[in-house]
Amino acid sequence: MAHTSERVVILGGTSGIGLATADLLLDRGYEVVIAGRNEERLTQALKTLDTRTPGRPVTGKAVDATDSEQLAALFTELGAFDHLVITVTRNGGFTSLADLEADEVRRHSEGKLLAHLLTVQAALGTLRGDGSVTLVGAVSAQLSAPGLVLLGAMNSAVESASRILAAELAPRRVNAVSPGVIETPWWDWIPEEARADTLAGAAAATAVGRPGRAEEVAHAIGFLVENAYVTGVVLPVDGGARLNVQR
Ligand SMILES: NC(=O)c1ccc[n+]([C@@H]2O[C@H](COP(=O)([O-])OP(=O)(O)OC[C@H]3O[C@@H](n4cnc5c(N)ncnc54)[C@H](OP(=O)(O)O)[C@@H]3O)[C@@H](O)[C@H]2O)c1
């Protein structure tokens, strides 16, 4: 399948799900632009993509998705493009309401919801009229487990925004994926030993019995980018975590 005339911008494409999405879409013939805040991580991601398959059309830019001026500069420099994928995030955020700190709420609101909305807004001038936007929520939006009040609320907001924007920005398509626990650097804030326990606990709460891989979420994003008749959809990619299976 050749899409050499189509360009995709991936905010958050320097790690995890965004990086796997860049790899998948490059393999499918898209031209890809990846962006993240950290220059070193950006350089490393471009190197990784080139090492996997040399010579594919990928470029990168250091941009903070919470900064309107940086976003405006990015989209002005890039010009017209076809698909926007946003995989930016703040990590952590598991807390009970009793322990919730106002700064943590601000950090997550800014890093997830605000970043998504500002990025889509900044892209409107150059995203083609028949193009698409794919956002990333999380299974926490569907769960009611104690400790998920902040993550669940943030991801519900992003998933809800995707449906509303599908109507507001039509005929551009807007969708979201809703991943379960996926093994990516998102989890690096947990010390290594505890991380293995956390992922094992999460795996036990899925129907398929394991955490997901970034490539599996990228595959779902690829579907939402490519299927021109799908819009306003939140697609779970969670191994059945939302089904409340007891193992
Ligand atoms: N991993 C999971 O278990 C899981 C589960 C459910 C949902 N999700 C969601 O999936 C999405 C991708 O997560 P991931 O696991 O791939 O995380 P990740 O490996 O930590 O990647 C996050 C990416 O976003 C970039 N980023 C973060 N804040 C940014 C900002 N303000 N501006 C620009 N870039 C920014 C990071 O680069 P810099 O730090 O250099 O900016 C990095 O490239 C997120 O929305 C996350 O909430 C993940």
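Which residue just after α1 takes a positive phi? Keep that in mind while going through these notes on what is a predicted model.

1. Overall fold. The chain folds into seven helices and nine strands. With a radius of gyration of 17 Å, close to the 18 Å the globule rule gives for 247 residues, the chain is as compact as a globular protein of that length.

2. Inside and contacts. Of the 247 residues in the chain, 49% are buried. Take the contacts with a separation of 6 or more: 75% of them are between residues 24 or more positions apart.

3. The chain shows about 11,800 Å² of accessible surface, and carbon and sulfur atoms own 53% of that.

4. Helix α1. This helix covers residues 16–27, and its 12 residues should span 16 Å at 1.5 Å a residue; the end C-alpha atoms sit 17 Å apart, which agrees. Since 11 of those 12 residues are buried, α1 is largely enclosed by the rest of the structure. Among the buried ones are G16, G18, T21 and D23, along with I17, L19 and L24.

5. Back to the opening question. The residue is G29, with a positive phi of about 100 degrees just after α1.

Terms used
Residues are numbered from 1 along each chain as its sequence is written. This is a predicted model: local features need pLDDT of at least 70, side-chain atom pairs count only at pLDDT 80 or more; totals for chains, interfaces and linings use all residues. Side-chain values use heavy atoms; hydrogens and water are left out. Helices (H or I, at least four residues) and strands (E, at least two) are DSSP runs, numbered from the N terminus. The radius of gyration is taken over C-alpha atoms; the globule rule is 2.2 Å times the number of residues to the power 0.38. Buried means under 20% relative accessible area, exposed over 50%, partly exposed in between (1.4 Å probe, protein chains only). Contact means heavy atoms within 4.5 Å. Accessible areas come from the Shrake-Rupley method with a 1.4 Å probe; for residues, only the protein chains shown count as cover. The expected span of a helix is 1.5 Å times one less than its number of residues.
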